[in-house]
Amino acid sequence: MGWLWAIIVGFVLGLIAKAILPGKQHSPLWLITIFGIIGGIVGNALAGAFGIAETAGVDWGRHALQIIAALVVVAVGDMLYIAVRGRKKVA
């Protein structure tokens, strides 16, 4: 169940990051989901390092760090995707 939850949260984080970032991201949806999963993991690690991973109630700090990390990972990952795959010419 943990992996399924990670995929669902990663999908949501990736979509939120994609919606917040300006411009068009060229990465496919499956890659955005992987970027979101990585962002969630990095955000959780940062929350643990800052000592806010486990709090009473909703972990707003952890969620904010997850979204920020997902934004960075989606932005950098999309730039790498474009560099590797190249821009597709649209007719």
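A crossing of two helices is called right-handed if the near helix is turned clockwise from the far one by less than a right angle. The legends below use this term for a predicted model.

Figure 1. Read from the N terminus, the elements follow the order α-α-α. The C-alpha trace spans about 55 × 25 × 20 Å along its principal axes. The helices are α1 (2-20), α2 (29-50) and α3 (60-85).

**Figure 2. α2 crosses α3 in a right-handed sense.** The axes of these two helices come within 7 Å and cross at roughly 140 degrees. Angles over 145 degrees count as roughly antiparallel and those from 65 to 115 as roughly perpendicular, so α2 is described as oblique to α3. On the α2 side, the residues that meet α3 include Leu31, Ile32, Phe35, Ile38 and Phe50. Glycines of α2 also take part, among them Gly39, Gly40 and Gly43. On the α3 side, the residues that meet α2 include Arg62, Leu65, Ala69, Val73, Asp78 and Tyr81. By class, the residues of this contact are 14 nonpolar, 6 polar and 2 charged.

**Figure 3. α1 and α2 cross at roughly 105 degrees.** Their axes come within 7 Å. Angles of 65 to 115 degrees count as roughly perpendicular, which means that α1 is roughly perpendicular to α2. From α1, the contact is made by Ala6, Ile7, Gly10, Phe11, Leu13, Gly14, Leu15 and Lys18. From α2, Leu29, Ile32, Thr33, Gly36, Ile37 and Gly40 take part. The residues of this contact divide into 8 nonpolar, 5 polar and 1 charged.

**Figure 4. α1 and α3 make a right-handed crossing.** The axes come within 9 Å and cross at roughly 70 degrees. With that angle, α1 is roughly perpendicular to α3. Leu13, Gly14, Ile16, Ala17 and Ile20 of α1 make the contact with Gln66, Ile67, Ala70, Leu71 and Val74 of α3. Of the residues in this contact, 8 are nonpolar, 2 are polar and none are charged.

**Figure 5. The largest pocket holds about 400 Å³ of space.** Its lining has 17 residues, and those closest to its centre are Trp5, Val9, Leu13, Asn44 and Gln66. The elements that give two or more residues to the lining are α1, α2 and α3. Which helix gives the most to the lining? It is α1, with 9 residues. Sorted by class, the lining consists of 10 nonpolar, 6 polar and 1 charged residues.

Definitions and conventions:
Residues are numbered from 1 along each chain as its sequence is written. This is a predicted model: local features need pLDDT of at least 70, side-chain atom pairs count only at pLDDT 80 or more; totals for chains, interfaces and linings use all residues. Side-chain values use heavy atoms; hydrogens and water are left out. On a 1 Å grid over the protein atoms alone, a cavity is a set of points where a 1.4 Å probe fits but cannot get out, and a pocket is an open set with protein on both sides within 12 Å along at least five of seven lines; lining residues have an atom within 4 Å of a point. Grid points are joined across faces, edges and corners, and a volume is the space filled by probe spheres set on the points. Helices (H or I, at least four residues) and strands (E, at least two) are DSSP runs, numbered from the N terminus. Ala, Val, Leu, Ile, Met, Phe, Trp, Tyr, Cys and Pro count as nonpolar, Asp, Glu, Lys and Arg as charged, and the others, Gly among them, as polar. Axes are lines fitted to C-alpha atoms, for helices over the stretch in contact, and angles run from 0 to 180 degrees between N-to-C directions. Angles under 35 degrees count as roughly parallel, over 145 as roughly antiparallel, 65 to 115 as roughly perpendicular and the rest as oblique. Contact means heavy atoms within 4.5 Å.
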